[in-house]
Amino acid sequence: MSTIQHISTGRKVKDRVVQGLVYLAFALAVVPLISVLWMVISNGLARFDLEFLTHSMRGIGARDAGGGAYHAIIGTLEQVLLASAIAVPIGVLTAIYLVEYSSGGRLSRTISFFVDVMTGVPSIVSGLFIFAFWILFLGMPFSGLAGALALSILMMPTVVRSSEEMLKLVPIDLREASYALGVPKWRTILRVVLPTAFTGIVTGVMLAIARVAGETAPLLLTVFFADSINSDPFNGPQMGLPLFVFDQAARPNDTAIDRAWTGALTLILIVMLLNLVARLIAWWRSPARGR
């Protein structure tokens, strides 16, 4: 009996130690995040007002007070939306092929290899590629679309890998049950597999959006700078929030620095709002809710 109690006590001690290490690791991961958020919020609230959200920088000098990031907010939303419209269908369809149709042949291995390579590509490389091909070679102008193309390159590998893992988690029994009822494979994927993995796929898409929403390097080469509102992403330079923050932070005066902090705060709030909307959509379309 004493031996059993000794073993039980030893297990409890080990469990407490491991639990403490987990809490410590969590604290170490959260402390930098909280400090960054606190710094952005405390410095950004000073200019977070209606003027900042509804005015552009047109006619505002480098040292002038006032002005806002309305033109940059419009640009970021349009660029991220276009990038998602390009990357999400391609990424999800690629994941469907790798999971549902691939037999482990040369094509699937090649696709997986290039997806892994794209995962580690620096963001500046995607911007250089679009700048060289889209702007220099094809002669297209600087535009929000060019920036969206660069961002979509960064989004694709994240969408592919996250969607692939979510599709793999769908039980094979659900597929076999559908096949047993005579449902064709394409319809099984559309009606059974994708709805089951929908929540996870949405989460992966939001991770991809969160990654590219704050990218500055690709936009420097493809979108360029603009102080005025340009709601047409297909024609002419268009500002984005990351570019706005970069531009204002580089100006050596307090008014510009305040605008930069507020731009960073606005970008964080936009990403959080998009994540909230995605979570609500995933909850609304969840198969478990329909039962």
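How much space lies in the largest cavity? About 40 Å³ lies there, where a cavity is a set of points, on a 1 Å grid over the protein atoms alone, at which a 1.4 Å probe fits but cannot get out, and a volume is the space filled by probe spheres set on the points, which are joined across faces, edges and corners. The model is predicted, so that local features need pLDDT of at least 70 and side-chain atom pairs count only at pLDDT 80 or more, while totals for chains, interfaces and linings use all residues. Residues are numbered from 1 along each chain as its sequence is written, and side-chain values use heavy atoms, with hydrogens and water left out.

**Cavities**
- The count comes to 2 cavities of 30 Å³ or more.
- The largest is lined (an atom within 4 Å of a point) by Val202, Thr203, Met206, Asn275, Ala278, Arg279 and Ala282.
- Helix α11 (a DSSP run of H or I, at least four residues) gives the most to this lining, with 4 residues.
- The second largest cavity, of about 30 Å³, has Ala213 and Leu219 among its lining residues, and α3 gives the most to that lining, with 3 residues.

**Residues of α11**
- Val271, in helix α11 (residues 254-284), counts as buried (under 20% relative accessible area, 1.4 Å probe, protein chains only) because its relative accessibility is 18%.
- The C-alpha atoms of Val271 and Ala213 are separated by 7.4 Å, although the residues are 58 apart along the chain.
- Thr266, also in α11, is buried at 4% relative accessibility, and its contacts (heavy atoms within 4.5 Å), not counting residues up to four places away in sequence, include Phe48 and Leu241.

How values were computed
Helix = DSSP H or I, 4+ residues; strand = E, 2+ residues; numbered from the N terminus. Buried < 20%, exposed > 50% of the residue type's maximum accessible area, 1.4 Å probe, protein only. 1 Å grid on protein atoms, 1.4 Å probe; cavity = no way out; pocket = protein on both sides within 12 Å on 5 of 7 lines; lining within 4 Å.
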